[in-house]
Amino acid sequence: MPTSYRIAEAAALLGVSDDTVRRWIDSGRLVVSRDVGPATVDGADLAGVATRLREAPEPGATPSSARNRLTGIVTRVLRDTVMAQVEIQAGPFRLVSLMSREAADELGLEVGVRAVATVKATQVSVDVP
């Protein structure tokens, strides 16, 4: 079953404005279908554009409702083929986060790296300052 998205849905998925998606359509970066009903973008084409847009934002550039941010130093990283366990010492607090190995690798988390643990409820998110 093919998946397609209206322009507004495509824009929301990519985190851009409707006008940006329309400009990409006009320039040929995205192909639009206007068979029946409103214009739609093929899901596979949209996924391709999303993949090319996935440059990581600067650390701290994405908004978060979590207020408990503890800066510390990575004291241990255990990796297997899929997951990583990262321990951070932030002052008197030892925090442990489980994340994908890919995330730990992309963040460059190694012993001695400064990192920020963001705590919200029972989840600990880690990024680098």
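A residue is called buried when its relative accessible area is under 20%, exposed when it is over 50%, and partly exposed in between, using a 1.4 Å probe and protein chains only. By that definition arginine 22, at 39% relative accessibility, counts as partly exposed.

Good morning. The structure before you is a predicted model, in which local features need pLDDT of at least 70 and side-chain atom pairs count only at pLDDT 80 or more, while totals for chains, interfaces and linings use all residues. Residues are numbered from 1 along each chain as its sequence is written, and side-chain values use heavy atoms, with hydrogens and water left out.

I begin with a sheet. Helices (H or I, at least four residues) and strands (E, at least two) are DSSP runs, numbered from the N terminus. Two strands pair if DSSP finds at least two bridges between them. In general, strands of a sheet pair through backbone hydrogen bonds, either parallel or antiparallel. Here, three strands form an open sheet with antiparallel pairing, in the order β1-β3-β2. Since β1 (4-6) and β2 (32-33) stand at the edges with a single partner strand each, one side of each is left without a neighbour in the sheet. Strand β3 (residues 40-42) runs antiparallel to β1, and three bridges join the two. Within this pairing, serine 4 stands opposite aspartate 42 in β3. Helix α3 (residues 43-52) packs on the sheet and touches β1 and β3; contact here means heavy atoms within 4.5 Å. The direction of α3 makes about 75° with that of β3, where axes are lines fitted to C-alpha atoms, for helices over the stretch in contact, and angles run from 0 to 180 degrees between N-to-C directions.

Next comes helix α1. Which residues of α1 are buried? In this helix (residues 7-14), they are Ile7, Ala10, Ala11 and Leu14. They lie on the same side of α1 because they cover an arc of only 100° around the axis, the arc being that of the directions from the helix axis to the C-beta atoms. These buried residues pack against β1, α2 (18-27) and α3. On the face turned away from the buried side, α1 carries the exposed residues Ala12 and Leu13. Just after α1, glycine 15 takes a positive phi of about 75°.

I turn now to charged side chains. In general, side chains of opposite charge can pair when their charged atoms come close. A salt bridge is defined as a side-chain nitrogen of Lys or Arg within 4 Å of a carboxyl oxygen of Asp or Glu. How many salt bridges does this rule give? The count comes to seven.

One of them joins aspartate 19 to arginine 22, with the closest N and O atoms 3.4 Å apart. Both residues lie in helix α2, three residues apart, about one turn of the helix. Aspartate 19 is partly exposed, at 47%.

Another salt bridge joins arginine 69 and aspartate 127, with closest N and O atoms 3.8 Å apart. This pair links distant parts of the chain, for arginine 69 is in strand β4 (residues 68-79) and aspartate 127 in strand β8 (residues 123-127), 58 residues apart.

Finally, glutamate 110 forms a salt bridge with arginine 79, at 3.4 Å between the closest N and O atoms. Glutamate 110, at 42% relative accessibility, counts as partly exposed, and so does arginine 79, at 25%. Arg79, Arg101, Asp105 and Glu110 are linked in a network of salt bridges. Thank you.
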